[in-house]
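Have your viewer ready, then compare your steps with the solutions.

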Amino acid sequence: MFDKTLAELAQGLENGDFSSVELTQAYLDRIKAEDGKYNSYITVTDELALEQANAADATRAAGNAGAFTGLPIAHKDIFCTEGVRTSCASKMLDNFISPYNATVVNKFNAAGAVTLGKTNMDEFAMGSSNESSFYGPARNPWDTDCVPGGSSGGSAAAVAALLAPAATGTDTGGSIRQPAALCGITGLKPTYGRVSRFGMIAFASSLDQGGPMTRTAEDAAMMLNVMAGFDPNDSTCMQKDVPDYTADLSKPLAGLKIGLPKEFFPDDLSPAIAQQVQAAIKEYEALGATVKEVSLPNTGLAIPAYYIIAPSEASSNLSRFDGVRYGYRCESPVDLEDLYKRSRGEGFGPEVKRRIMVGAYALSEGFYDAYYKKAQQIRRLIKQDYVNALNEVDVIMGPTTPHPAFKLGEKTSDPVAMYMEDIFTISLNLAGMPGISIPCGQTEGLPVGLQIIGNYFAEQKLLNVAHQFQQATDWHKQAPQGI
Amino acid sequence: MALDRSDVEKIAHLARLQIDEQDIPEYTQNLSNILDLVNQMQAVDTSDVEPMANALDAVQRLRKDAVTEDNNRENLQSVAPAVENGLFQVPKVIE
Amino acid sequence: MEWEAVIGLEIHAQLATKSKIFSGASTAFGAEPNTQACAVDLALPGTLPVFNEEALRMAVKFGLAIDAEIGRTSVFDRKNYFYPDLPKGYQTSQLFHPIVGIGHIDITLEDGTSKRIGVTRAHLEEDAGKSLHDEFPGMTGIDLNRAGTPLLEIVSEPDMRTAEEAVAYVRKIHALVTSLGICDGNMAEGSFRCDCNVSVRPKGQEEFGTRTETKNINSFRFIEKAIVGEIERQIDLIEDGGRVIQATRLYDANKNETRSMRSKEEANDYRYFPCPDLLPIVIDEDYIDAVRDSLPELPDARKARFIEEYKLSDYDAMVLSGDHNLATYFEIVAKAANDAKMAANWVMGELSKHLNQNDTTIANSPVSAEQLGGLVERIKDNTISGKIAKQVFEVMWAEGGSADEIIEAKGLKQVTDTGAIESIVDEVISKADKQVAQYKAAEPDKRGKMLGFFMGQVMKATGGKANPGAVNGILKKKLDALCD
């Protein structure tokens, strides 16, 4: 049962092959038995899950079931869940039982989904390896000595280890696509403004976007059908109709124009990765697509601009964690300044503190023009690169990451080296366009991800392109050894 | 761009972060490296480029002026570290 | 040496919206602590702001009323600092692109001269919560009900030179925002607050001296006192060889002095940047035109109309139009009484005297405009005399009730029945032989003055209720008849 996709599980529920309670209990048992190896969950919500599963079965019995009724999923622990600890993998929020639900959580609840639990992540989504979690790193199911990627590493590991059929993630600089690539699953970052950010704990407001992490593109379409849409509580969420993302999955790809940016295939790209990605492109040509070189000349500026914008916004977004109204408060503060400094100093881990300080520095008096404003200008150049390229082609493809999963601890001592792992994903957050990573091969037993990028609100196209590849290949069906 | 210890102390104060004395050299080095990385931006002439705050260049939507929230104090304060008579408590602030 | 003061003001006007600037919580004053602070106001993780359309409309109204440039694109910025009454750790404000740009207002001074004062800008921002320092030993309590209440911060040019000018400016802005209906103007509740930037320089010197900022002033009278005191303090300091330190000072109304709050030398670094959770506010010509069409009558126009329509003196018109509530009140009284001059006298006289003595405002007057109108109407139609009216007013102020009810209950109706007055006059004359003899002996042109005694006796006998005009006529007729 655990190797079934969301779509197959939905069919099973519909056919009466099993109930939502049976399905949910099976997953809860499996998590209990197996997650010790992966640490993919921070909190497992047994009681809530079974309650929701019971309700879903009742809904189905009454003949009111929808496409998602009774399907179990996991939420990244960045989405607020009412009555359930929402920690953002930080000591700061270890004691935070959210008094409200994120819009995304409400949407899944309304659709009849079952919440299995909250998945591990980098603290406040700051990281590319899941190693900054207060709860210890999640591990890559393909090799538990390796990182699952980050920041949505727990979601990726849970889906890859068959501890959840699907999970939500968030992507600020690659945090859905990079762990999806490293764990051999499908991860979609929608257009900025497609999915509500309300109740999704902010890292960098102008870059954060929630999206699905699944085993197949078809499942991602099912998830996005629930997640996407206007939210009056989020000023940056767009008022735009939500199509049925599953509707175009079967469209043939004949005539599809694929752009390959030369900047995504630099000389120092891991040859194994380059080879797997080229093979995937060949597969697309076999499916009727044509390929053309395009250029994104400002790609090299994406990491510098990102490491101003994201920390600047984060330094301000994380000011609310002050030990006054919720969250961690230090023992016996002697005065207000002591309360602030120790609560924050003890509550945040080193990477979070590092980024807060970079941001505070970049915004401090006299530096605004040279840093934040400059980065916002470069952001426009990067967006323009994508707009120009997408005038010539339908989608852009390239590797999701420069390397496959790396060993735990390998990059923790050098933050800048860690940042470079996001080189192919980060520019898309700056531009705000959607991108999907799908498994397209393996190297030395570790998965390789193909990134497919489309124009604003072209999620339907991306899912179609990804699905057609998955109809023709079976990389997405590969499971880590022993799973 | 090299920061020194006093820069890091100043920034940590601005951000109200207590940093352990022994960690300051590492933070100083990390932050300097990150600033070197981001300073690559300075090589590009952006004088004619309009800064981009939002990818879609979208504009603010307006909310109707209506009271939609009821008193939810009990629920919202259930997660507070220190509350007395409905007030959040902090060490005495001297003005 | 002759000194000159330079004064600039920052006024914070709470906008009279029902809900907060970025959340759906109520802005009503005086609720139990933290009962009007929702998840957004408390800055719970993951919460986001959505801008209130009414706050925008109110800010644009103000901009149009001061003839200012309206920002076609305005942007919210974050002002970052830590304080327990600031839940997000930043205040959402507008630094780089405010909604209202350069404008101006004209003020009129006591001597009748007028002066134009520049308004640098007015921007939207959110109010902070309140810190309560005295409720618990060793602790400060935080109430976030006020957090997120929309504020319009109105920043003047340093165009004022005296405390009188500053107060005239504040009164004019107060009249404007209350006339526009965008602020209730209640200074005691903090709906309308003023920070005063004051510096001094030798007269004739171009550059400004070092300024101090005095916060926390919550009445017109205190603004004047605080500025006068601060100017004196600075001059004394310099003349004694000291120098003014740039600092924030608090006005202590009990001691009538300012004291230093924090020195600007350890100035905050606010790390302003555009708020990424909010998008630029873009408004077009149609929007502005629609707001302009909705503007009510403003104080200057109202003053002109009072002179034209009610034939009020320039001074009366200025005073009455200078406060929106007072002007509205006056017009109701004038219409009810059908006598503008008498209405103006009562509003500016008896009513204002009572308001001042009881330290209250017209909005909280126990006597409504309708009540006072009814009273003035009874003077006008001779039901009661002006003197009796003051008694009725006292009752009205203390106990309530309409003029007619009070007159009836207390039996204060004026006696106008000629027959009744004649018999009282006859009785008074019959008991005052001495005074009648003096009257007779007097030269005819001096006799008028001697009526006073008889008048007094008649009024005493009638408890003041006799119509003075009628008594006067009858007395004169009867006494003169005795002289023939």
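**Exercise 1.** What distance separates the centres of domain 1 of chain A and domain 2 of chain A, taken over C-alpha atoms?

*Solution.* Before you start, note that this is a predicted model, where local features need pLDDT of at least 70 and side-chain atom pairs count only at pLDDT 80 or more, while totals for chains, interfaces and linings use all residues. Residues are numbered from 1 along each chain as its sequence is written, chains are lettered from A in the order in which they are written, and side-chain values use heavy atoms, without hydrogens and water.

Step 1: take the bounds, 6-255 for domain 1 and 300-374 for domain 2 of chain A, which come from an automatic or database domain assignment.
Step 2: the centres lie 27 Å apart.

**Exercise 2.** Describe how chain B meets chain A.

*Solution.* Step 1: count contacts (heavy atoms within 4.5 Å); 51 residues of chain B touch 69 residues of chain A.
Step 1: find the buried area, meaning the accessible area (1.4 Å probe) that two parts lose on being put together, summed over both. Chain B and chain A bury about 5200 Å², with 67% of it on carbon and sulfur atoms. On the chain B side, Met41(B), Met52(B) and Arg61(B) lose the most area to chain A, together 14% of what that side buries.
Step 2: look for salt bridges (a side-chain nitrogen of Lys or Arg within 4 Å of a carboxyl oxygen of Asp or Glu). The rule finds two across this interface. One of them pairs Lys383(A) with Asp57(B), with 3.6 Å between the closest N and O atoms.
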